[in-house]
There are 2 protein chains.
Amino acid sequence: MKLRFGVSFENDNGLRYFGEGPYRLLRMVEEMSSLRAAAQCMGMAYTKAFHLIKQAEENLGFPLIKRSIGGKGGGGSSLTLEAKELVRRYEAYRAACDHMAEELYQKHFSDFLPEASSNYRK
Amino acid sequence: MKLRFGVSFENDNGLRYFGEGPYRLLRMVEEMSSLRAAAQCMGMAYTKAFHLIKQAEENLGFPLIKRSIGGKGGGGSSLTLEAKELVRRYEAYRAACDHMAEELYQKHFSDFLPEASSNYRK
């Protein structure tokens, strides 16, 4: 038995603008230095990926991706300093939540349901 | 800014068999004394509701709903003792997770993102 745990940030209109999806997209952009390649890799339309990033940027209030045009390799996308910081903090937050969810499960269910381990995608 | 948080139980095949949906369904059955009425109320096909309950029962290893046939009111569905206990514990667990997700957010994001309140549907 495993716990599947998720947390996302939502604005006052009920729009979820940051969570597992945008986080993975940012990580992929970091790795591939291209939003287009990152989207492709996640099986996501480029327009959708672009929209997700724009939406997150608008709600977070800072840019996440910067584009370099031309140069060696013909330009591409990279994460802003703020985006790198967000990714780092989100990972730590997620891991902490994950750990707590498991501990709380023990507390609330240990004498009633089987033991659980957490299942957050690493 | 709000946190949207969710936790569900998953079996070794990656099937999520208990979480917010089945929990709400059980609460509704308790209220309406009928799985059919509960499903209708949630805008869910009866067959889907039935399947969700069966799946949860199989994975939890105990029955959740018992049917009474005939009698005053023409029979209906009610929660087993185990289901009542599960509902009670899930609510407490959810509330505890919710609380800790908010606390951990403060710890990980307070000097970087706006303050957040949690948004779990009560």
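**Helix packing and the contact between two chains**

Helix α1 (residues 20–32) and helix α3 (residues 46–60) of chain A pack with their axes 10 Å apart, at an angle of about 110°. Here axes are lines fitted to C-alpha atoms, for helices over the stretch in contact, and angles run from 0 to 180 degrees between N-to-C directions. Helices (H or I, at least four residues) and strands (E, at least two) are DSSP runs, numbered from the N terminus. α1(A) and α3(A) are therefore roughly perpendicular to each other; angles of 65 to 115 degrees count as such, under 35 as roughly parallel, over 145 as roughly antiparallel and the rest as oblique.

This is a predicted model, in which local features need pLDDT of at least 70 and side-chain atom pairs count only at pLDDT 80 or more, while totals for chains, interfaces and linings use all residues. Residues are numbered from 1 along each chain as its sequence is written, and chains are lettered from A and ligands numbered from 1 in the order in which they are written.

In α1(A), A:G21, A:P22 and A:L25 meet A:A49, A:L52, A:I53 and A:A56 of α3(A). By class, this contact of α1(A) with α3(A) has 6 nonpolar residues, 1 polar and no charged. Ala, Val, Leu, Ile, Met, Phe, Trp, Tyr, Cys and Pro count as nonpolar, Asp, Glu, Lys and Arg as charged, and the others, Gly among them, as polar.

Next comes the meeting of the two chains. In total, 26 residues of chain A are in contact with 26 residues of chain B, where contact means that the C-beta atoms, placed from the backbone, lie within 7 Å. On the side of chain A that touches chain B, β1 (2–10) and α4 (81–109) each supply at least two residues. α4(A) gives the most, with 12 residues. By class, that side of chain A has 15 nonpolar, 5 polar and 6 charged residues.

β1(A) and strand β1 (residues 2–10) of chain B run antiparallel and are joined by 9 bridges; two strands pair if DSSP finds at least two bridges between them. A:L3 stands opposite B:F9 in β1(B).

How are the two copies related? A rotation of 180° with 0.0 Å of shift along its axis superposes chain A on chain B, with an RMSD of 0.0 Å. The two copies are thus related as by a two-fold rotation axis. The superposition is by least squares on the C-alpha atoms of residues with pLDDT of at least 70 in both copies. In chain A, the C-alpha nearest the axis belongs to A:G6, 2.6 Å from it.

Notes
Contact = placed C-beta atoms within 7 Å.
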